[in-house]
Amino acid sequence: MVDRRTFSKPDRFDRRRWLAACAAALVATRSAQAAPGDAGGPLTRPIPSSGEALPVVGLGTWITFNVGNDAAARASSAEVVRAFFASGGRLIDSSPMYGSSQPTIGHALAQLKHPASLFSAEKVWVGDVASGAAQIEASRAFWGVPRFDLMQVHNLLAWQEHLPRLQEMKAAGRLRYVGITTSEGRRHAELERVMRTQRIDFVQVSYNLLDREIEQRLLPLAQERGIAVIVNRPFREGALLAALQRHRLPGWAAEMGCDGWAQVALKFVVSHPAVTCAIPATSQVAHLRQNMGAARGRMPDAGLRERIAAEVAAL
Amino acid sequence: MSEWWTYRPSDFLMFAPRTYWRLFELHNQAWWPAPWLLLPAGLFGLGWLVRRPGPALRAGACALAVAWAVVGWCFVRERYAQVHWVMAWGAWAFVAQAVVLAGLASRPDLQATTAPAVRRGGLLLCGWALLLQPLLVLPFGRPWTQAEVFGLAPDPTVIATLGLLLWASDESTFTRALLNAAWLLALVWCAVSAATLWTMGSAQGWVPFMAGAAAAGLRWKARQAP
């Protein structure tokens, strides 16, 4: 049973959150069309609940960082993380479900002496809520961080039990943000219900040039409720890019400063005003730099976004 | 796990193909020069099976018990489970198979089949596991260091076991139960391995699939014979 003291009633007017949402929407609208950050770093978006700025491209670790005890692969992953921070990145996302990705991240962070700019995003993934605290602590030990910035309920698993616990942890200062995730279009109706009824800072969903369902309800709802949006599967785990690579880059790509389809795909995602951060995963430094390049330069406006989506869908 | 019907096999593949094949490379390095020692040992066992099937069958079951235990603990648990948490249970299945095979090795009524076609099938599977499975790196463009070796890697160990099990027949209910358990565990692994390789996009998935299908087909045919 969810503790109703820890969240707002549906549609209850909350002036602070409304003002934060307005400010976030204003900043997001302006930054969607501007070309900021070229000199000073990547484009950032504010987290609506706090105003904290996050670069619009982060780093996912599903599959790519799950390398087991392979010392050489761990070293390569550390170089990817090094390049990530050097490019101005902040948010790294992982989960206990991702095999050995967490120890790999911890190894990389230790090599880099734990950059202060890190925004750590993790997940709790256990049906038994009593084990959640232990799992979170195990994750924290793998990362080697004093606390996580963001803790998300992975794939809505036992969210009714986990969310109140996470809110308690947040109130106690043991984490800074609370979120919930889904992927591949699953359980969007339930996610929408959570977004409407629970006080959460983040939601993580799948979104890309072909999977645009969330534009209808979830993204507008996130803007309305002042919830930051993390986007997973911006490349459909590589399948989207593999299909696009066969086609020549259209002329408008160069206008946006894109040197490849990966940057086109990412700019499409992060140019939506409701999106806070996309988390493409990669094991290669060159690809990492390409991905981070999508956070710079001109972003497509609404008209160009539709044109891009239409042309890609037609390919 | 709600909406289970929306999940595809690829949703459960949490590692990249290069990570999977690196497991064998690191394992072979760690056990060097065992890959070169296990091949002649396996060929010797095969020759013994042809000349003196009775004692060779029991000795072979005993040797395979050790192989399953080593593969299960040192590869499946220590390496594979690091990138695929489901394999933590898979390791225990390998240990269970080791116990079953050790039990078979102790059975006085474990005999060699006299059916020539079944014997030939068994020899072919054992020969494949020993000699040809490691060579799969060639057509699939992988380095020699990633060769899957009998006694160290799951697939050739399982395929060799299927070959040996084809030679085995039984007299008692208990021995038959052990044989059935050994068959089941080996065939389940063939299915799991095939599914994993196919999900990785590798046509090599056909190898454990065909090995398991061929072995099961031969066994079924042998049991139908008067």
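**Exercise 1. Find what the buried residues of helix α5 of chain A pack against, then place the helix.**

Step 1. The buried residues of α5(A) pack against β5, α4 (132-143), β6, β7 and α6 (188-197) of chain A. Helices (H or I, at least four residues) and strands (E, at least two) are DSSP runs numbered from the N terminus, and a contact requires C-beta atoms, placed from the backbone, within 7 Å. This is a predicted model, in which local features need pLDDT of at least 70 and side-chain atom pairs count only at pLDDT 80 or more, while totals for chains, interfaces and linings use all residues. Residues are numbered from 1 along each chain as its sequence is written, with chains lettered from A and ligands numbered from 1 in the order in which they are written.

Step 2. Now list the buried residues themselves: A:W159, A:H162, A:L163, A:P164, A:R165, A:L166 and A:M169. Buried calls for 20 or more other C-beta atoms within 10 Å of the residue's own.

Step 3. Check the length: α5(A) has 13 residues and reaches 18 Å from its first C-alpha to its last, close to the 18 Å expected at 1.5 Å a residue. The expected span is 1.5 Å times one less than the number of residues.

Step 4. Just after α5(A), look for A:G173, with a positive phi of about 80°.

**Exercise 2. Describe how α6 and α8 of chain B pack.**

Step 1. α6(B) and α8(B) meet at an angle of about 10°, their axes 10 Å apart. Axes are lines fitted to C-alpha atoms over the stretch in contact, and angles run from 0 to 180 degrees between N-to-C directions.

Step 2. The two helices are therefore roughly parallel, a label for angles under 35 degrees.

Step 3. On α6(B), the contact uses B:D155, B:I159, B:L162 and B:L166.

Step 4. Both helices are also among the elements covering the buried residues of α5(B).

Notes: Contact = placed C-beta atoms within 7 Å. Parallel < 35°, antiparallel > 145°, perpendicular 65-115°, else oblique. Buried ≥ 20, exposed ≤ 12 C-beta atoms within 10 Å, placed from the backbone.
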